[in-house]
Amino acid sequence: MTSRIPRDSRLRLVRPRPLAAAPTAVNQRRSRRPAPRPPEGTPAPAELARMARSVLAAAARVARWADAALGPGGDSATADGKATLSGATAERAARALGLTPAQVRADWDTARLAGLIEVHGDSARPGWRLRAWDRDDSAVLRGWVALCDAWSLAHPEPEEYEAAAVAEVVTAMPQVLSFLQLSAGPVPVPQLLDLLQQRVTELRTERCEVDYVPQSDPAQPGTHGSGLPRELRPKVPLQRPRPASAVPAADAPLEPLLDWALRALASVGALTYCDGQATLTPLGSWAVWVKLEQICVAAQSPAGNIEQGAEDMLRGCAQLRPNAARDEYRAWLAARPVGSAVTELIDAARGEDALLRGLAFEALRVVGAPAEPEVRTVLDEPTLRPYALLWLAEHDGADPEDAHEVLTREEATWLWVDTAAAVADHGEAPLLVRHLESAVQPTVPALLTEVRAVGHPRTVQVLVALAAAHPDPALAKAVRRAAFQVHTGG
């Protein structure tokens with residue numbers, strides 16, 4: 001019987017298309033589901049971005065000044081490593097911008113909350129949103145939503161009440177804002193106060209139904225009673241020391257606290273508050289809708305990995321089909337601040353599991369532009385560089401089928417071995433055999449020579465697995481010989 005496998009002594013490889021191929025989800029064309037539409041009457045994104053730029057104009061001005069005056073080699077921006085603008089810097093900015101130091105500090109804080117400025121210890125640097133401010137409406141809107149989410153931090157809370165009382169009001173305000181959106185017009189403050197009282201009562205009731213959680217920690221589920229992932233819960237003001245005469249939460253009147261909340265939301269442009277009535281602005285109405293969409297996405301996690309860390313989430317997605325995995329990535333990302341989510345994914349990619357490395361960068365594709373700065377920082381890490389180069393090429397508009405062209409021959413070979421390690425650990429033997437077709441080398445001997453030279457730590461295991469899986473005895477023998485030579489250093 002004649003074997004169907006040709007016994008070409010040169011052991012040529014079939015090469016239907018170049019590398020970049022596995023794990024399974026990597027470089028597959030991604031179908032996009034239609035984006036949900038905001039409520040009827042919502043301004044177009046360009047108009048919303050214009051409104052957001054107007055609200056954040058003063059903060060962007062201070063951020064640009066800081067970018068120019070406090071860049072590399074400039075003076076220290078902060079005095080305490082906690083993002084508090086130093087007195088000398090505030091005075092200097094005030095003179096340059098024609099403002100008072102108090103105005104500079106307020107605009108500085110707004111710029112930080114909106115992500116226009118990032119503070120690291122005693123140094124400040126422009127955030128990616130400032131870089132994209134004039135050309136990217138989505139970056140502007142993301143910045144304003146970040147500020148709106150932090151409304152309770154943007155306006156000083158009343159100090160005469162216990163922190164628990166303030167936390168209850170902050171936790172209850174999403175329901176108040178949802179009611180304002182449904183009303184689609186001015187709502188009298190007494191009506192909002194009645195709704196706030198009902199919601200605070202519910203929170204206190206829920207707190208009594210769970211194990212005791214200290215009320216001084218408003219981030220605990222028992223205090224919030226929301227059932228949402230931590231990252232989707234309202235941001236509660238940092239708890240400063242309260243006077244001994246602070247009014248306990250149970251006795252705190254809600255009218256002054258509601259007044260504070262409405263004024264704080266008005267200060268970030270989410271609503272208008274005057275003549276005893278409150279009305280959501282178009283930006284505020286859109287932000288409420290965005291938050292509800294995030295909650296809905298988070299609630300529709302197909303595999304239930306929202307509360308998991310990045311590594312466990314990626315392991316949970318390993319057996320999902322690409323579309324289902326992307327849905328899971330979206331749900332996981334919706335429940336977290338973008339910055340911390342990207343950091344988690346990159347940390348997971350640094351681990352020893354090559355499959356998680358590929359899946360982490362697939363999840364970063366779902367993140368999109370906000371992940372670019374962090375992805376660029378790993379270009380100097382040999383383990384992540386090929387993945388980062390492919391990610392950046394696709395982000396810059398390259399077709400996924402052609403993105404491999406940005407890799408050098410050595411980088412492509414390293415990625416081939418890393419992908420083979422993922423297939424060997426998590427796939428089946430036929431997948432590993434088919435993986436040969438994705439190599440950039442035209443022959444098996446050329447592939448083995450370059451694989452040995454690239455120095456991947458999993459080279460021996462990959463070659464042994466490939467030799468065991470391949471049905472061609474001659475090829476399997478050559479691969480085993482190469483594995484032995486790598487193992488012995490020959």
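Glu47 and Arg50 form a salt bridge (a side-chain nitrogen of Lys or Arg within 4 Å of a carboxyl oxygen of Asp or Glu), with the closest N and O atoms 2.7 Å apart. The model is predicted: local features need pLDDT of at least 70, side-chain atom pairs count only at pLDDT 80 or more, and totals for chains, interfaces and linings use all residues. Residues are numbered from 1 along each chain as its sequence is written, and side-chain values use heavy atoms, without hydrogens and water.

Both partners lie in helix 1 (residues 45-55), 3 residues apart, about one turn of the helix. Helices here are DSSP runs of H or I, at least four residues, numbered from the N terminus. Glu47 is partly exposed at 29% relative accessibility; buried means under 20% relative accessible area, exposed over 50%, and partly exposed in between (1.4 Å probe, protein chains only). Arg50, at 48%, is also partly exposed.

Asp67 pairs with Arg131 in another salt bridge, again with closest N and O atoms 2.7 Å apart. Asp67 sits in helix 2 and Arg131 in helix 5 (residues 128-131), so this pair ties together parts 64 residues apart in sequence. Asp67 is partly exposed at 25%. Arg131 is exposed at 51%. The whole structure holds 21 salt bridges. A network of them links Arg326, Glu362, Arg365 and Glu394.

Helix 3 (residues 87-97) buries Thr89, Ala90, Ala93, Ala94 and Leu97. These residues pack against helix 2 (57-69) and helix 4 (101-113), contact being heavy atoms within 4.5 Å. The face turned away from the buried side carries the exposed residues Ala88, Arg95 and Ala96. Gly98 follows helix 3, with a positive phi near 70°.

Technical notes. Helix = DSSP H or I, 4+ residues; strand = E, 2+ residues; numbered from the N terminus.
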